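Here are my notes on how the two chains meet. Have the model open while you read.

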Amino acid sequence: MELDEEPPHLLNPEALDVALTMSMLLHAKPMDEIHVMRKVVIDGSNTTGFQRTAVIALNGSITVDGVEVPIEQVTLEEDAGRKTGDTKTSAVFRLDRLGVPLIEVSTGPIIHDPEQAGKVAFAIGGILRATKKVKRGLGSIRQDLNVSIKDGALVEVKGVQELELVSKAVGYEVQRQLGLLEVRDELRQRNVKASDIKDEFVDVTSILSGSESKIVQSTLNQGGVALAVKLSSFKGLLKRELIPNIRLGTEMAKRAVFWGRVGGIFHSDELPAYGIDSSHVEEVAKSLGCGELDGFVIVADNLDNAKDGLRAVVERAREAAERIPEETRAANPDGTTVYLRPRPGAARMYPETDVPPVQIGEGRLERLWENLPRMPEELAKELETKHSLSPKLATQLVDSDYLPAFEEIVAGAKSVAPSFVATILTESLRSLQREQVPVENVREDQLKQAFDLVSKGETAKESVLDVLRWLAFHPDGAAEEAVEMLNLRMLTKSDLENIISKVVESNQTLVQDNGAKALGRMMNLVMGEVRGRADPRRVTELLRTRLEQVKA
Amino acid sequence: MSVSALEGYHGEILRRLRKSGAKVGSVIRLTSKSGEVFEGILIPRSEYSDPRHIVLKMRNGYNIGISLERTEKLEVIGEGEKPHFTKPSSPPIRVGLPRVAIISTGGTIASRVDYRTGAVQPALTAADLASVVPELSSIAEVDAHILFSEYSENIGPMHWKGMAEEVAKRIADGAEGVVISHGTDTLHYTAAALSFALSGLPIPVLLVGAQRSSDRPSSDAASNLTGAVALAARADMALVGVAMHQDLSDHIILAHRGTRVRKCHTSRRDAFKSINANPLASYDLKTGQIELTNGVPKRDKSRKLALRSRFDQHAYLIKFYPGFNTSMIDSAVSAGARGIVLEGTGLGHVSRQLFDSVKKALKREIPFFMTSQTIWGRVDMNVYNTGRDLLNLGVTPLEDMIAETAIVKLMWVVAQTKSASKIREMMLRSIAGEMTSRTLVEAS
């Protein structure tokens, strides 16, 4: 559902079944009746202005490395639109993801170190995949991390897309909160109270009108203003780096951007710079009545935005003197985070009156219970026996996204060894990935095509990787096409014989001089021509016959 | 304890909740037979839900339903707050603004949500409206009344009469514009009815509704109401219109002529379209600018309002379709029909299998009128033989009048005259801009 105008559909029964199955695997207790709620989201990612969400089960647990991890809640939600860009006044979203069923699993607050967080996320991911109904690929499994430390605050980190980042992001957040506590303690030592930070803004337009700052100049050209506020006793603290590239000043800037719709801020610890020179800095400080230890922040924008931006800065500075604010932060690809929005409370939730509650009958639970998918370890064991895979390969396959594809392929491509398929789907694809080949573009049906071609003898198994590489760059293509384009089609017997004859003829002397002993060197020469297009055993066979003919 | 203290609960659950002293809003703890514990605020249950589950709102805001059969113990562990609605202080009334009367007939155009329990309370008084839609107080001096509260599908001729009379009263009281809030399903029928019932209007009367209820962040209720009030207060026009969204954006509110408008979508906010005509006016929500279409009747305080608010339900609207059973016409006739509007195909046709029934009815002095189910366009029965046959039988084509307006007009006409020829004459005379002989390119 993409339009708010569309009347809501009933709860998708398949999605509900998957969520219930997931709940059972997490040993959580399904609700007797599911109530769909509206969770207000007004950043534009939901066309309705709210996200539909429902508690499916409560009070589960899983065991990770011998430690019991409580699963507080499993919810079924509608995914939001994906932001693809924004300008100062608008945000652009893609709606293709909007309304896709999303399962949210919340663990209890028991994870004590960043590494454990990563392991728990990995374990939950494994269970999700066990349902075989969960979409794979970057962004389809996301981790929201709630991090709090002693004396700190509950901070939600959103958008951690890769499992490897979980422990890193948690680590950075702990570091950030420790850094903020240090700032608070220093402010206390400097005797700064929140009430000392006043929201008294001074118009510094005339001071900065002579600066070379492009931002200031373009703002002033559009009739905007430059406002500044004094931050008592903040000197040196604004540039304090909490985590890589995130300073206290950055935190203030993000707040100002969010609340004031401004492009950014200038703070005294980073000046002179950006076309604002020391004489401007001095004058601004003077106009604000700054003392030796005071800092300041400047915002250039239209009057309303500038005021809102500075209000947000003052608010953040006051918090710095008192506590760590609860907030929602967005993860960067390196695991550091930036301020996203304030943390919403229960108040943003109200009933979705257009979707009737769903009773979960015993019959439904029994049916799901009987069809409960197996867990990763179990699956790996089964693969070992059924397809004679090594334990390592079996585990890798279960952990990969390709288990359903593997089963499809092996069922169809009868004459290809399962261990070969498994190796390609795990180790080989990973090595292609390392070479920056976008293997995630290759669809399951394309994988199947590639192996089917090998099975039917239309291409050699040595060609599979080249075919997959080609498909990764040609997502709309077919394996057949790849084989054609890369000239990997198996040679017919007569084609092969022709090539062998040519090679033999152009190396007459070698053959004459060495007789049957020339086989090894001739083999190399022929294979150089037909690699990937002929079975080496067959080449040997034909070449031997040919050489014998020559000798005769 | 009043029943509403345990709203929506019945039977065994109601008994157990009463016994434990629980009320909606109480914090209760349920212990299941298997030992699970659920805590939360007791939430009212929808009257359409089954009687076997108790609904709790957990601390994190989610609602869950717990089956009574699985519940071993039910105890009240705290008194929650009742749903309450704190009113934001109303902005001061600015004197000197135009006086606009808002008449509410149902459909909660504005409401407040108690986010803790999810309860919705309609905002109906002027003060309520002003607090929910504060923009209004800078546009007009609003005076709001509830006339009745009815789903629009239940609204009929008696309600039209009541609305017309109320409008007349408000005009007599000095209103400079009237806004009627109304459910959207039959909004356009009411708009047509009022257009005929209120002739010689000195001021504009705008009907307004909402396609997305006001408990949604994306609701169009407040923006439509703002547009309607602004147009009622300031637009230099004097007729009945419908004020709704132009498109999907909260940008332009259009006023459509009451006799030319139709709901054309089940759920989109731009469901209302002017058919075979241009909208009357537009209001820009961002700039507050009003643009008027040429030829719209202007305000004139000295103009005398004529109220003719009677409607007679012995008028029928019959839609033709392939496989039509002619008994539908016969039974309308035997039920005492005083006129029948046909919604024919294309340019205004029905199968010749209907001819006998039509002929019989016409013989009994029951006039037939032709409109088209294509919605847009004009009927023309001189193009094909079937049309010519129908004309020869005595069926009267209604030009570019839409079927919905035609049936409302017929109800109004037959309430005023018994003569078939007078009925025909009135149906063919444009009384409230419901038909024209000229089709404009941009209105097609």
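The points below go through the interface between chain B and chain A.

1. First, a caveat: this is a predicted model. Please read each point with that in mind.

2. On the chain B side, 32 residues are in contact, and they meet 39 residues of chain A. Together the two chains bury about 2,700 Å², with 51% of that area on carbon and sulfur atoms.

3. Next, the charged pairs. How many salt bridges are there between chain B and chain A? The count is five. One to look up is R269(B) with D4(A), where the closest N and O atoms sit 2.5 Å apart.

4. Polar contacts come next. Between chain B and chain A, 15 residue pairs are in polar contact, counting pairs with both residues at pLDDT 80 or more.

5. Which elements give two or more residues to the side of chain B that touches chain A? They are strand 3 (53-57) and strand 4 (63-67) of chain B. Strand 4 gives the most, with five residues. By class, that side of chain B has 10 nonpolar, 11 polar and 11 charged residues.

6. To find the spot on screen, go to E33(A), which stands opposite G65(B) in strand 4 of chain B.

Notes. Residues are numbered from 1 along each chain as its sequence is written. Chains are lettered from A and ligands numbered from 1 in the order in which they are written. This is a predicted model: local features need pLDDT of at least 70, side-chain atom pairs count only at pLDDT 80 or more; totals for chains, interfaces and linings use all residues. Side-chain values use heavy atoms; hydrogens and water are left out. Contact means heavy atoms within 4.5 Å. Buried area is the accessible area (1.4 Å probe) that two parts lose on being put together, summed over both. A salt bridge is a side-chain nitrogen of Lys or Arg within 4 Å of a carboxyl oxygen of Asp or Glu. A polar contact is a pair of N or O atoms within 3.5 Å; within protein, one must be able to donate a hydrogen and the other to accept it, and residues adjacent in sequence count only if both atoms are side-chain atoms. Helices (H or I, at least four residues) and strands (E, at least two) are DSSP runs, numbered from the N terminus. Ala, Val, Leu, Ile, Met, Phe, Trp, Tyr, Cys and Pro count as nonpolar, Asp, Glu, Lys and Arg as charged, and the others, Gly among them, as polar. Two strands pair if DSSP finds at least two bridges between them.
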